[in-house]
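The following exercises concern a predicted model. Each task is followed by a solution in steps.

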Amino acid sequence: SGMDYKSIRSFAAMCALILVAAGNAWAQAETPAEAELEQAEENGEEAAPMSDEDFAKSLVGKTYSGSFDLDGWTNLGGGLVLPPFYVQQYNRDDGTILVLTAKETEAAGRGSSATFEVTDALTTSKPRKGYTFSTACMKGEDYTLRFMGEASGKDTAEWWTNLRKAWEINIETGEISSVKARGVKCTNPDW
């Protein structure tokens, strides 16, 4: 049934791309960075493209409810780390990965979505061939999925223990930091 899952996932990604393309046709609120770029272009200056790191940093502190969509990025979903912190993973066509942590600032009320504030952001390059980026990782006997990593393993294994890189989400602040990969294991994405 791993095959069905993949085709469903690619179908979902296609739908997301269509939605993003349709969304771009309508006027959207610009981020300050986009407005600056346009201003620079109008003045005949060559605007320096924003680095992925700066782009990620610019998202910290933004608030949203419902889904948080970003131009040029496909939202791969995420989940609860530990209340009130959530994690969300995005991919770009070139394989670059963006991970956001967000804190629930207002619980969902009747007929309204919960409100979140982005607490940290991480960008990392496309995983090495044979590796997959995962936000569902743990360390030792702590079953809190507050670790992330670039992992590989056998299709038959429930947990992948071969990690190239790992990160930890601070459950007090939502901040992401790089940690030693030793002892971190990630769930097999096709399991």
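**Exercise 1.** Determine whether Phe-133 is buried or exposed, and classify the geometry of its ring pair with Trp-167.

*Solution.*
1. The relative accessible area of Phe-133 is 7%. The cut-off for buried is under 20%, so Phe-133 is buried.
2. Trp-167 is likewise assigned as buried, at 7% relative accessibility.
3. The ring centres of Phe-133 and Trp-167 are 5.6 Å apart, with the planes at 45 degrees, so this pair is tilted.
4. Phe-133 belongs to strand E6 (residues 132–139) and Trp-167 to strand E9 (residues 162–169); the two residues are 34 residues apart.

**Exercise 2.** State how many aromatic pairs are counted, and describe the one formed by Phe-55 and Trp-73.

*Solution.*
1. The count is five aromatic pairs.
2. Phe-55 and Trp-73 are stacked, at 6.1 Å centre to centre and 0 degrees between the planes.
3. Phe-55 is in helix H3 (residues 52–59), while Trp-73 is in the loop between strand E1 (63–65) and strand E2 (74–82), so the pair ties together parts 18 residues apart in sequence.
4. Trp-73 counts as buried, at 7% relative accessibility.

**Exercise 3.** Identify the strands at the edges of the open sheet of six strands.

*Solution.*
1. The strand order is E8-E11-E6-E7-E9-E10, with antiparallel pairing.
2. Strands E8 (159–160) and E10 (176–179) each have a single partner strand, so one side of each lacks a neighbour in the sheet.
3. E8 is joined to strand E11 (residues 184–187) by two bridges; Trp-160 has Cys-186 in E11 as its bridge partner.
4. Lys-185 lies over the face of Trp-159, 4.9 Å from the ring centre.

How values were computed: Residues are numbered from 1 along each chain as its sequence is written. This is a predicted model: local features need pLDDT of at least 70, side-chain atom pairs count only at pLDDT 80 or more; totals for chains, interfaces and linings use all residues. Side-chain values use heavy atoms; hydrogens and water are left out. Two strands pair if DSSP finds at least two bridges between them. Helices (H or I, at least four residues) and strands (E, at least two) are DSSP runs, numbered from the N terminus. Rings of Phe, Tyr and Trp (its six-membered ring) pair if their centres lie within 6.5 Å; planes under 30 degrees apart count as stacked, over 60 as edge-to-face and the rest as tilted. Buried means under 20% relative accessible area, exposed over 50%, partly exposed in between (1.4 Å probe, protein chains only). A charge sits over a ring if NZ of Lys or CZ of Arg is within 6 Å of the ring centre and within 35 degrees of the ring normal.
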